[in-house]
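Have the sequence and the 3D view open, and let's see what packs against what.

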Amino acid sequence: MERLETTDLFRAGSLLCLGARLGEVRRNKGQVTFCLQGDELTDRDQDYRLGRTRIEPLQFRQTLNLLRDMIFRGGHHGN
């Protein structure tokens, strides 16, 4: 299982839509870091960076809303 950390909300949301799991959300001096886990995470991340990622818009919106709730309301992700 691969691991990846990012402060990019859209990157985290995209990777979650592609099957990654959210391990934890860390806050430090106003910055939020998303810690993701999953199989083939490096390949999926490379596809994201190269603009080759295709995800469902509604799923992406719901995932971003979940992440924003975790950031602004201090929510926690439960597996």
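## What α3 packs against

The buried residues of α3 pack against α1 (9–17), β2 (21–28) and β3 (31–38). Packing here is judged by contact, which means heavy atoms within 4.5 Å. Buried means under 20% relative accessible area, exposed means over 50%, and partly exposed is in between (1.4 Å probe, protein chains only). Helices (H or I, at least four residues) and strands (E, at least two) are DSSP runs, numbered from the N terminus.

A word on the ground rules: this is a predicted model, where local features need pLDDT of at least 70, side-chain atom pairs count only at pLDDT 80 or more, and totals for chains, interfaces and linings use all residues. Residues are numbered from 1 along each chain as its sequence is written, and side-chain values use heavy atoms, with hydrogens and water left out.

Which residues of α3 are buried? They are F60, T63, L64, L67 and M70. Looking down the axis of α3, you'd find these buried residues within an arc of 120 degrees, so they line one face of the helix.

As for its dimensions, α3 covers residues 57–72, 16 residues in total, and reaches 22 Å from first C-alpha to last. That is close to the 22 Å expected at 1.5 Å a residue, where the expected span is 1.5 Å times one less than the number of residues.

## The nonpolar core

The largest nonpolar core has 17 residues, and L22, F34, L36 and L67 touch the most other members. By nonpolar core we mean a set of buried Ala, Val, Leu, Ile, Met, Phe, Trp, Tyr and Cys residues joined through side-chain atoms within 4.5 Å. At least two residues of this core come from each of α1, β2, β3 and α3. The largest share, five residues, is supplied by α1.

## L4 and its contacts

L4 lies in strand β1 (residues 2–6) and, at 12% relative accessibility, counts as buried. L4 and L36 are 32 residues apart in sequence, yet their C-alphas are 5.2 Å apart in space. Leaving aside neighbours within four places in sequence, L4 is in contact with R11, L15, F34, C35, L36, L41 and D45.

## One aromatic pair

There is one aromatic pair in the structure. Rings of Phe, Tyr and Trp (its six-membered ring) pair if their centres lie within 6.5 Å; planes under 30 degrees apart count as stacked, over 60 as edge-to-face and the rest as tilted. The ring centres of F10 and F60 are 6.4 Å apart and their planes make 40 degrees, so this pair is tilted. F10 lies in helix α1 and F60 in helix α3, so the pair ties together parts that are 50 residues apart in sequence.

How accessible are the two partners? F10 is partly exposed at 42% relative accessibility, whereas F60 is buried at 19%.

## Salt bridges

How many salt bridges does the structure hold? The count is five, taking a salt bridge as a side-chain nitrogen of Lys or Arg within 4 Å of a carboxyl oxygen of Asp or Glu. One of them joins the side chains of R11 and D45 (2.7 Å, N to O). This pair links distant parts of the chain, with R11 in helix α1 and D45 in helix α2 (residues 41–49), 34 residues apart. Both R11 and D45 are buried.

D45 also meets R49 in a salt bridge (3.2 Å, N to O). D45 and R49 are four residues apart in helix α2, so about one helical turn separates them. R49, at 56% relative accessibility, is exposed, while D45 is buried at 8%.

## Two positive phi values

K29 has a positive phi of about 55 degrees although it is not a glycine. K29 lies in the loop between β2 and β3 and is exposed, with a relative accessible area of 82%. E40, another residue other than glycine, has a positive phi near 60 degrees. You'll find E40 in the loop between β3 and α2, partly exposed at 48% relative accessible area.

Key
Arc of directions from axis to C-beta.
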